[in-house]
Amino acid sequence: MNILIIGTGYVGLVSGACFSEFGFKVTCVDHDKNKIKNLKKGIIPIYEPGLNDLVKKNINNRNLNFDLNANKYLNKSDCVFLAVGTPSRRGDGHADLKFVFKAVEQICSNVNKKIVLVTKSTVPVGTAKNIKNIIKKYKKDELITVASNPEFLREGSAINDFLRPDRVVIGANDEYSRLLLNSLYKPLNIRQVPIVNTDTETSELIKYASNSFLAAKITFINEISVFCKKTGTNIGDVTRAMGLDKRIGSKFLHPGPGYGGSCFPKDTLAMSKIFKDQRIKFNIVDSVIKTNDKIKKNISIEILKIIKANKINKVLFLGLSFKPETDDIRESSSIFIINYLLKKHKKLSISAHDPVAIPNAKKEKLNIKYYSDLNKSFDNQQMIIIGTEWNIYRSINFKKLHLQMSSHVIYDLRNIYIHDKEIVKLGFRYYSLSSK
Ligand code: UGA
């Protein structure tokens, strides 16, 4: 089986590497010359644990290849995955499908053998049908069938999520596409991974519904966390007891400073839009979007108040990525709060540490100082804000830290140390999301 993947972003690159690991011959194409030049040498443009080794291994055993030109491979491929970006349309919220449709037109102009064209990017309900209409316009409907195969991988654990998924969703409206896609996932049979076979539109909806539900679950616990903070009730016990109910489950019940990343914010907005297109109001998702924005804003306001009340001039952020194990800072709460503080408190000096996200943060041109050495970053700080729950921030030596800091305020946006009594005993003023 020969696979062509268009787009070497997160989804394209991880899917390509993992399909090649299954033993298929995979070519990933992208129009970014520099990216392809580096990928050919096994240099990965993103930080994703395990991806480097997997790419190198499969380049070496000739299962994985990178190129600028899709046409060279199109007529040797059985299946073509579209993994191009689907950003939010500015000021609108709808997913922008211009990259998807451009790739489809290019494929239609050049294909002369039978292929299955599969959307892996997150696309609105009805996209496969719209793609079919383009194919008809080019009179290529005898050659190209369309399928949907959404991806559920998380940044930071993408390879494991691809190789050991909870489920695979295959949307196909014809037998040929369905059989071909099912055969691609046969290597997962040994793990008895459930495969949900459905039509293309339902498959497209499953992806949005899953991401919107997870965003709602996080937002629900974030609001409970606000209540716990106000009343002194114990968020840890609440989430533990809730999570033990198998109908609820313990995952995605960790309070945080609002969800971020390249998916939940964009996909909840798009979900709301696709409902509106059907003249239905999706009240829960609309409220989740508003509440998540409000959570980020309220935390920023509270932090500014603490800074002013404690006469703080120097603040250190620990963690800039939107979550651990990634260098992605898109919609990161740390970046949101930093921007707020820079705007509202002109005299505040802000610095930040992050294990891998500093190069991406620097592109934002924020007026802050960066530290790559965690220990050095602590010197003379007055307040530390834990923004991301990277492992290295989970075992801070607070005795030593107390000696290094010139004032002793901590805001823990991930509740890592919420049960640690020693911190207060040492003389720190400790704030968290769920305790005063
Ligand atoms: C998310 C989904 O989890 C994946 O299943 C999906 O494939 C992906 O979007 C996508 O559509 O491509 P990702 O954005 O990588 O994956 O990250 P998550 O682990 O879902 O975290 C998203 C945000 O929620 C982060 O800001 C994280 O800090 C926050 N979060 C997550 C919480 O605040 N609490 C939690 O309990 C879990």
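## Position of the ligand

This is a predicted model. The ligand lies between domain 1 (2-198) and domain 2 (200-436), because both domains give residues to the shell around it. That division into two domains comes from the domain assignment of the protein.

## Residues around the ligand

The shell around the ligand has 19 residues, and those that come nearest are Phe152, Leu153, Glu155, Lys207 and Asn211. Sorted by class, nine residues of the shell are nonpolar, seven are charged and three are polar.

Several polar atoms of the protein lie within 3.5 Å of the ligand, the cut-off used here for a polar contact. A polar side-chain atom of Asn211 is 2.7 Å from an oxygen atom of the ligand. For Lys323, a polar side-chain atom is 2.8 Å from a ligand oxygen atom. Gly260 takes part through its backbone instead: an N or O atom there lies 2.8 Å from an oxygen atom of the ligand. On its own, the ligand exposes 710 Å², and the protein buries 92% of that area.

## Helices in the shell

Two elements give two or more residues to the shell around the ligand: helix H9 (200-231) and helix H11 (264-277). Helix H9 provides the largest share, with three residues.

## Contact between the domains

The centres of domain 1 and domain 2, taken over C-alpha atoms, are 32 Å apart. Domain 1 brings 37 residues to the contact, and domain 2 brings 28 residues.

Between them the two domains bury about 2,500 Å², and 55% of this area is on carbon and sulfur atoms. On the side of domain 1, the residues that lose the most area to domain 2 are Tyr47, Val125 and Glu155. Together these three make up 26% of what domain 1 buries. Glu155 is also among the residues that come nearest to the ligand.

How values were computed:
Residues are numbered from 1 along each chain as its sequence is written. This is a predicted model: local features need pLDDT of at least 70, side-chain atom pairs count only at pLDDT 80 or more; totals for chains, interfaces and linings use all residues. Side-chain values use heavy atoms; hydrogens and water are left out. A residue is near a molecule or strand if one of its heavy atoms lies within 4 Å of it. A polar contact is a pair of N or O atoms within 3.5 Å; within protein, one must be able to donate a hydrogen and the other to accept it, and residues adjacent in sequence count only if both atoms are side-chain atoms. Accessible areas come from the Shrake-Rupley method with a 1.4 Å probe; for residues, only the protein chains shown count as cover. Helices (H or I, at least four residues) and strands (E, at least two) are DSSP runs, numbered from the N terminus. Ala, Val, Leu, Ile, Met, Phe, Trp, Tyr, Cys and Pro count as nonpolar, Asp, Glu, Lys and Arg as charged, and the others, Gly among them, as polar. Domain bounds come from an automatic or database domain assignment. Contact means heavy atoms within 4.5 Å. Buried area is the accessible area (1.4 Å probe) that two parts lose on being put together, summed over both.
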